Amino acid sequence: MESVIERIQKGNFWQFHGGIHPPEQKFLTCTKPIASAQIPEQLIIPIRQHIGQAGDLIVSVGDKVLKGQILSVGDNPMSLPIHAPTSGTVTAIKLMAIPHPSGLRETCLILTPDGEDTWQQRHICPDFQLLSKGKILEKIVNAGIAGMGGAGFPTQVKVSTLAKIEYLIINAAECEPYITADDLLIQEHSPTILDGIKILDHLLAPQNILIGIEDNKAKAIETLQKATADIDHIQVCVIPTKYPSGGEKQLIKILTGQEVPSGVLPSSLGMVMQNVATCFAIADAVINDTPLIKRVVTVSGQALDKPQNVWALIGTPVGYLTEQCGYSNSHDKHLIMGGPMMGFSLANDQIPVIKTTNCILAPSEIEIASPFSSTSSKEVECIRCGQCADVCPAQLLPQELQWSAKAKDQPQLEKLNLFDCIECGACAYVCPSQIPLVHYYRVAKAEIRQQKLLDIKAEKAKVRFEARKLRLEREKIAREEKHKKAAEARKARMNAGTPAAKSEKSAVAAALARVKAKKAQAGSNQDIVSQADSSVEQIDDNKSQVANAIARAKAKKLAQKSQTPISTADAEQDTDNAAIAPKAQPVVTDKKAKVAAAIAKAKKRQATEQASNSDTQVLSTEETTPVSATSGAVQEPITDEKSQLPINKKAKVAAAIAKAKARAKAKKETDGNINAQPSSTSTDKPTVVPAQEQYTLAAVASNKATVTLHTETPVAISPVNKTATASDERKKKVAAAIAKAKAKKLVEKTQQASPSTSEVKISESDSKPTTEAAIAANKKARVAAAIAKAKAKKLAASSDKSQPSE
Amino acid sequence: MAFWIASSPHNHQQSETSALMRMVIYATIPGIFAQWYFFGWGNLIHIALAVATAFVAEFTVLSLRKKKITTQLFDGSAILTAVLLGISLPALAPWWITIIGSLFAIVVVKQLYGGLGHNPFNPAMAAYVMLLISFPVQMTLWQPPLSLLAMDIQLADTLSVIFTGYTPQGYSVEQIRTHIDGFTMATPLDTVKTNLTQGFTVLESMKAPTIGKYFGLGWEWINAGFLLGGLFLLSKKSIHWTTPVSFLSSLFICSFIAFIISPDSSASTMFHWFTGATMLGAFFILTDPVSGATSVKGRLIFGALAGLLVYLIRKFGGYPDAIAFAVLLCNMAAPLIDQYTRPRTYGHKLGAKK
Ligand code: SF4
Ligand code: SF4
């Protein structure tokens, strides 16, 4: 098989499908030289003139700029700078209509030229070979060069490709009717273009350079052939004239026989294509340090007196150019930017020339009777003649696309490869039904793009929604789990309700014991006072014994009594408490029992002599077993019996504690008395203080201030242990304070306890009693505190009394 | 000062659908002329009737559908349909046949499906088939060529026969159709078919008077006329070459194969080409873009299928001619053909499509 180059040298080219031969009309301008650039009164320079992002403006209104001065900088490869086409003043930066089919408005910089046309400092570089590739690329970027054939793709992106380049294709086909800008540029500036090609050659190192040019440009072909005659790897390929052979994909097909796969850049095939005008601009930028500030524009059309090619500064309003070329038509203006096939009509003549503008067309009315105007559509139904499909260079089915576009069938449109349509207009050109096919495709494409954006948004929203749903679901599950656990816990507690109740009952028993102990205390106090009157020393000894005895007796009584109220439901308040407390403080009871046991143990240790080991042990075991057995279902009848036991024992224990304490105090007192008897107060008060402390302890125990007990007990007990040295006054106060603090804490506890019970979700009727119970407990605590205070006072009084007696 | 906004392309080759239709209508002239020459005024009267009816029907329906009457009424498609129907009807068929056929073609086959461009069937052929099935007697009243007629019928006679069923002299259609020798004549295709069933060879039936010198007296010239018109259309690029070429070659190949297998019971290839409505079908009916296939490959398949069907129906079917039936069948197949003959888009792999 012959190679591509051999084929080309023989003049055998491939063909792309379809194509049309619209009237060329190039004769209007192709013989006239390019007119030199004129400076209009105002330049309108859009900050974005290519495909990609705009750079950031670095000048502001009022700034004086020099010709070639950079006006904006870009920070990514797809943004290009713009430059001042001439020297002057920036007079405004505002939204203006830019060259766009839809009459889009974008930020433009308005430059009022000063007429001086003063260049900024330039650095001419006659030999680009001396520059590194990076430097050349930098120069190309800084010159703001974008593809000048139409699309405006940033040039440096194309030429900085890392792919191995087989063919560098220079596009000089210029297949659009009327346009002769490239033709004239070649005729007049082939050396510069060749420089540009050499620079590209230097950058890309392609194996072959193909210059594709249509056979209707005889002079340009001749010039090019002469210029490239001595360069081996440059081929001037004269291709048959057919629209749209200048399309990138079509030209590649014609020259190499390869098709660029849909959706990829030609560089993936080892090809790069550049327009001749771009080559010129590259050479100008690299060698002459001239940024892209002017270009050749074909101003043509039969409505002009002097159709010709002109050098136009970027930003020159179209109206200025048409005037320059003698536009006589004053009404019904029809101005087209670009060629008749792919150009777009302009809404006014103040739209500027930009980097991609190659033609301004001002046709007379008979010249181009566009069937696709907004006012005079002659569209009839598609007759499925298939002519459009015959000419479509992308081998699409324009008629089917058209139906789907009308039906807004977007999936079908994409299936028919709508996005491979290059909008060449060949189909609409031939359509006998005069359907503005390209217009339908543009709208459909825009709609699909819009839809895609919406889809992306919707997708994001969906993800968000789904995440939220998931979270809610999770939360729901967690909540259900919690409820289930709580329910289970409740159930377990209900099953274990009796043991809990038991411990409550024992608490009740303790409360009862306390009440009794109070009474007993009151009695003993009187005794003590009366005895103290007669003889302090004796009393000291006796008192303790008496106290012990009393305490024992009371404890016994209490034990007996405490059994009765429970069995007979004698004390209403207490039974109420017992009934409610387990609900109100289910957790606390457990702790309390343990604490009580701990206290008992501690006390027991102190009260080694009299307190029976068996008692406390029984207490601790009995108290703890029901607690530990909570998980197991303990039946009521059994527990009833059992429950009495701990109560019994507790009472006993309480008694034992009381006893032990009393004894301990008595001992200490005696010790203190023996060691140093500075004052009688020291002998008297200690005896009472333990009692008080007992009360407070009892109160605490009964009111289940469990946590505080842990911390308080040492405090409460330690002074007892060290009484001898500590001052009695202080002790009293401390006791009172402790009592108060405990009462307060109790209040808090009970308050806390009630919400916790409601969480556990006993029906509301239950929570009421709990609060009542809390209030009751509260009250009790206060009462206990009050009692403690009162007692402290009494004690003080008695000690006062006893003092003088001493 | 107003700026004129238009969508690209701003250029157009200035072809118009109506111009295309007009061109096709003009191209039928040689064939119609041959018809008139050999068969008298009958078809011209039918054409006129059909066109008038179609016009009225189109106007009524378009105004009912609130369409742009002026552009669509004169887009020529209705006229073309009417002309084609008029051409294909038997010359001496009663007037109401034409009216009914024309109304059916325009109102039902074309407009009820959505008007121009949306009709799945060729209106003229659909109407023809409807008439043939509904009124078999009237639709087979084929008139022999004038030269074979016992009497000389003029325009007035034809008019009278079409509108009253009798000539001013009181002859009925049946009497007109009678040969000088006193037997009823049919079309060449009919003749051959009848003869074959009666045990004659094709060669023998070729001697029948209706067949004349070549393949059918008059018919060969009518076909030649349409062929001429078709070639004119081809030269003007008003129709695409694919369908007629593939249709005619398909018919040729089929008849050729049959002829090779059994020359006695099979008519020659040229007989098939130049009798019946072969040329009319090839250049004027199958090329109807609306009801045909669109892509080149599709059209080739479409034409070939039509050729095969025509041959099969002519050979094995009960009806004398087969163009109308074959066309309708192909119309049905067209969307399917289109579906499977989508071109490979530039830059897309062949397998990746569909
Ligand atoms: S405009 Fe699109 S569909 Fe029409 S011919 Fe060009 S590429 Fe094909
Ligand atoms: S050229 Fe126009 S009328 Fe013909 S098939 Fe294409 S869209 Fe339809």
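Helices (H or I, at least four residues) are DSSP runs, numbered from the N terminus. The model is predicted: local features need pLDDT of at least 70, side-chain atom pairs count only at pLDDT 80 or more, and totals for chains, interfaces and linings use all residues. Residues are numbered from 1 along each chain as its sequence is written, chains are lettered from A and ligands numbered from 1 in the order in which they are written, and side-chain values use heavy atoms, with hydrogens and water left out.

The contact (heavy atoms within 4.5 Å) takes 71 residues from chain A and 41 residues from chain B. Interface size is often given as the accessible area lost when the parts come together. Here, chain B and chain A bury about 4900 Å² between them, 49% of it on carbon and sulfur atoms. This buried area is the accessible area (1.4 Å probe) lost on putting the two parts together, summed over both.

Between chain B and chain A, 3 salt bridges are counted. A salt bridge is a side-chain nitrogen of Lys or Arg within 4 Å of a carboxyl oxygen of Asp or Glu. B:D338 forms a salt bridge with A:R384; their closest N and O atoms are 3.3 Å apart. On the chain B side, helix 1 (17-27) and helix 17 (296-316) each give two or more residues. Helix 1 gives the most, with 3 residues. By class, the side of chain B that touches chain A has 16 nonpolar, 17 polar and 8 charged residues. Ala, Val, Leu, Ile, Met, Phe, Trp, Tyr, Cys and Pro count as nonpolar, Asp, Glu, Lys and Arg as charged, and the others, Gly among them, as polar.

The structure holds 10 cavities of 30 Å³ or more. On a 1 Å grid over the protein atoms alone, a cavity is a set of points where a 1.4 Å probe fits but cannot get out; a pocket is an open set with protein on both sides within 12 Å along at least five of seven lines; lining residues have an atom within 4 Å of a point. A volume is the space filled by probe spheres set on the points.

The second largest cavity has a volume of about 370 Å³. Of its 32 lining residues, B:S88, B:W142, B:W219, B:A277 and B:D321 are the closest to its centre. Helix 13 (219-235) of chain B supplies the largest share of this lining, 4 residues. The lining has 22 nonpolar, 9 polar and 1 charged residues.

The second largest pocket holds about 1000 Å³ of space. Among its 48 lining residues, A:Q387, B:L20, B:K237, B:S238 and B:I239 are the closest to its centre. Helix 1 of chain B gives the largest share of the pocket lining, 5 residues.
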